[in-house]
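Subject: Structure for your review

Dear colleague,

Please find the structure below, together with its sequence.

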Amino acid sequence: MPPIRNYSNWNQRAADIVEQVEPYRKYFFICEGENTETWYFETLINHRKELGIHPLIDICLLEKTEADSTISFPKHLIEFAETQKDNEDIQFDKNRDKMIVVFDADIFESKVTNYSEVLELGQSYGDILAVTNPAFELFLLLHYPNSYEELILPNTEQIVKNEKQGKQTFIYHLLLEKSGMNSKRNPLIGELAIQVDVAIQQEKKINQDIHKCKGTITSNLGAIIESIRADSAPTII
């Protein structure tokens, strides 16, 4: 089995306590996409303290490598994430830690019909499923103030269809026009994570129920990040 890269800044924190302790709980993100999602979650992890993540809650990004890097179909991604829980290198505590599987729902709009089965599989494993419909670029758009009213709402039908314009999709081009960045090639797109508070609030204006995302603009990533920020660890005496 190819190795998996586990990105975390847990051991790079400022020395604000004398004795280094292990995290109470770890949240592991594993994503369908590669570049865009990696840049975003690495920035989120690097700013965990400024974003108000509890000091004993760790956030990790599991990056697929070598032959595993091509795993993207949601069902296969969920099954792959399940195997990683037994990977001694990441030390996943099945009693405390959480696996968050991030994937797009656009393929279920026209090409694939087993969306409900995919959700059931992930939930049977105890995973948290982070779903964007049509794609992760939608969540990134939410990081811009008023983007829901100005960009998402007026283009609802085109976003759901997400048809290709040339080689890229409608939502990709919408983000490109707003950000001025190629989200698949420019690492600076990850800096949007610093504005996650904006995205959390704007996401509440769209559907966050992943069970009802068929034909509907959907994202629950902001809600998941908000729940991580609300997680607290027992006081260590």
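The structure contains zero disulfides (a disulfide being a pair of cysteine sulfur atoms within 2.5 Å). Cys60 takes part in none, and the nearest cysteine sulfur, that of Cys31, is 13 Å away. Cys60 is also buried, with a relative accessible area of 1%; here buried means under 20% relative accessible area, exposed over 50%, and partly exposed in between, with a 1.4 Å probe and protein chains only. For Cys213, the closest cysteine sulfur is again in Cys31, and at 17 Å it is too far for a bond. Cys213 is buried as well, at 3% relative accessible area.

Please note that this is a predicted model, in which local features need pLDDT of at least 70 and side-chain atom pairs count only at pLDDT 80 or more, while totals for chains, interfaces and linings use all residues. Residues are numbered from 1 along each chain as its sequence is written, and side-chain values use heavy atoms, with hydrogens and water left out.

I turn next to the nonpolar cores. A nonpolar core is a set of buried Ala, Val, Leu, Ile, Met, Phe, Trp, Tyr and Cys residues joined through side-chain atoms within 4.5 Å. The largest one has 47 residues, and those with the most contacts inside it are Phe29, Tyr40, Phe41, Val102 and Ile228. Apart from it lies another core, of 26 residues, which includes Val101, Val112, Val118 and Ile210. In soluble globular proteins, nonpolar side chains tend to be buried together.

Which residues does Val102 contact, leaving aside its neighbours within four places in sequence? They are Phe29, Ile30, Cys31, Glu32, Phe41, Leu77, Ala130, Phe136 and Leu221, where contact means heavy atoms within 4.5 Å.

Finally, some points on the backbone. Most residues other than glycine have a negative phi, and most peptide bonds are trans. The peptide bond from Asn133 to Pro134, however, is cis, with omega near 15°. Pro134 lies in the loop between strand 5 (128-133) and helix 5 (136-141); helices (H or I, at least four residues) and strands (E, at least two) are DSSP runs, numbered from the N terminus.

Gln91 is not a glycine, yet has a positive phi of about 55°. Gln91 sits in the loop between helix 2 (74-84) and strand 4 (98-104), and counts as exposed at 55% relative accessibility. Asn162, also not a glycine, has a positive phi of about 50°. The loop that holds Asn162 runs between helix 7 (156-161) and strand 6 (164-165), and Asn162 is buried, with a relative accessible area of 8%.

With kind regards
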